[in-house]
Amino acid sequence: MVNKTLCIVLLIISTIAILACLVVNLEAWIVYSVAIIGIPLWVLSFGLLTMAKPREEDKEERVKEPFTGY
Amino acid sequence: MNLMADILINVIIAFLAGSLLLGLHRKIMARVQKRPGPPIIQHLLHSLKFFFKETSFPKTVSMPFYIGIVFILAAVWIVGVIVGPVSKDSLLILFGVYAVYKIVEHNSGSSSGSPYGKASCVRAVLSAATELPLFAAIVLVYLKTGSMNIGNIISYQSANGPLAFSIPLAAIMFFLLLLSKSPYSPFGITKDKALISGFETEHFGFLRGFIMFSESISWYVMLWVFLTLFFGPLTAVGYLIGMIVITFITGFINAVTPILNPNHSVMTQITIGAVCFVGTVLMILI
């Protein structure tokens, strides 16, 4: 359901942006922008890639119910 | 120090300290209710555990919104860390942070398609009443100090003494906000257990871990702002003691107070806010 390639691309971009701000002394507004967008993006893409995935035979079961308590 | 390193260190401190304080909060509530309670480190362990758990996406979710709102929540509280501990900037930006947090509560509930989330989403609109005492407190701090800048307010207090002693009713109003944002709060109508977990009900697995990460940061930032605004320049030890004391007080209040229904919650907050606002204005004039 989650696009793996997109997550990898976002993880790489956010990692490079954060590392660039750590290594090079950029203007404050650039660092703030990278921090506000880059840190949550890094956590989100890293989390979506590393979270446990359902087994192939269980995939359908996971989305059978529309929401909790249905 | 490099600015990005400063931000990263503060975000990590906020997450770790916030998690431990929320764990302490649960422990205090449990001890007041004569239960052993989980270990203090449990909230932190839960956040990390959920982070690697399987996340399934219910059929009814609006997918980009469902994931995007979790991202926005984290972004909002990273702004809080930057405006607060890192740059000590304007209070108005922090007010904006709280306003966006309300939008996150609202949209997180509606994006899931779950009736529990939707009921919580409606209550999030009602609970915006919390913003009024916050805005009033910020206005009063401005009237007293003549500045919205946190750095300037710290300087004012180092010269004139803590604001908690000169405008105590404004401090009470801000404390009301802390109380309403604390877990199991009497004012926590969006997370009423009748709604399972409210707007978070359909966010589980990794996404719940991410929400817990942001909530830990939010608790730390709110305590930091309160202590900085009303107790002046503090050392790291001062902040630590202050945060533990406030967590203890809110834990005690939440342990002995049932959750109010939405009408009572809103009216109580507005009434306390109005009384404290008028009282503080009178104190400033007299």
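This is a predicted model: local features need pLDDT of at least 70, side-chain atom pairs count only at pLDDT 80 or more; totals for chains, interfaces and linings use all residues.
Colleague: OK, how many helices and strands does chain A have?

Modeller: Chain A has 3 helices and 0 strands, in the order α-α-α along the sequence; helices (H or I, at least four residues) and strands (E, at least two) are DSSP runs, numbered from the N terminus. Of its 70 residues, 26% count as buried, where buried stands for 20 or more other C-beta atoms within 10 Å of a residue's own, exposed for 12 or fewer and partly exposed for anything in between, with C-beta atoms placed from the backbone.

Colleague: And how many residues does each chain bring to the contact?

Modeller: Chain B brings 33 residues and chain A brings 30, with two residues taken to be in contact if their C-beta atoms, placed from the backbone, lie within 7 Å. On chain B, α1 (3-32), α3 (63-86) and α10 (206-231) each supply at least two residues of the side that touches chain A, and α3(B) gives the most, with 6 residues.

Colleague: What is that side of chain B made of, by class?

Modeller: It has 20 nonpolar, 9 polar and 4 charged residues; Ala, Val, Leu, Ile, Met, Phe, Trp, Tyr, Cys and Pro count as nonpolar, Asp, Glu, Lys and Arg as charged, and the others, Gly among them, as polar.

Colleague: Changing topic, which residues have the most contacts inside the largest nonpolar core?

Modeller: They are Ile78(B), Ala170(B), Phe174(B) and Phe226(B), in a core of 90 residues, a core being a set of buried Ala, Val, Leu, Ile, Met, Phe, Trp, Tyr and Cys residues joined through C-beta atoms within 7 Å. The largest share of this core, 18 residues, comes from α10(B).

Colleague: What does Ile78(B) touch?

Modeller: Leaving out residues up to four places away in sequence, Ile78(B) touches Val11(B) and, across in chain A, Ala35(A), Ile36(A), Ile39(A) and Pro40(A).

Colleague: Is α9(B) mostly covered or mostly open?

Modeller: Mostly covered, since 12 of the 14 residues of α9(B) are buried, among them Ala170(B), Phe174(B) and Lys181(B). Those buried residues pack against α6, α8 (163-166), α10, α11 (236-256) and α12 of chain B.

Colleague: How do α6(B) and α12(B) pack?

Modeller: Helix α6 (residues 131-145) and helix α12 (residues 262-285) of chain B pack at an angle of about 10 degrees, with their axes 9 Å apart, the axes being lines fitted to C-alpha atoms over the stretch in contact, and angles running from 0 to 180 degrees between N-to-C directions. α6(B) and α12(B) are therefore roughly parallel to each other, given that angles under 35 degrees count as roughly parallel, over 145 as roughly antiparallel, 65 to 115 as roughly perpendicular and the rest as oblique.

Colleague: Last one, where is Lys34(B), and what is its phi?

Modeller: Lys34(B) lies in the loop between α1 and α2 of chain B, and its phi is near 60 degrees, a positive value in a residue other than glycine. With 7 other C-beta atoms within 10 Å, Lys34(B) is exposed.

Technical notes:
Residues are numbered from 1 along each chain as its sequence is written. Chains are lettered from A and ligands numbered from 1 in the order in which they are written.
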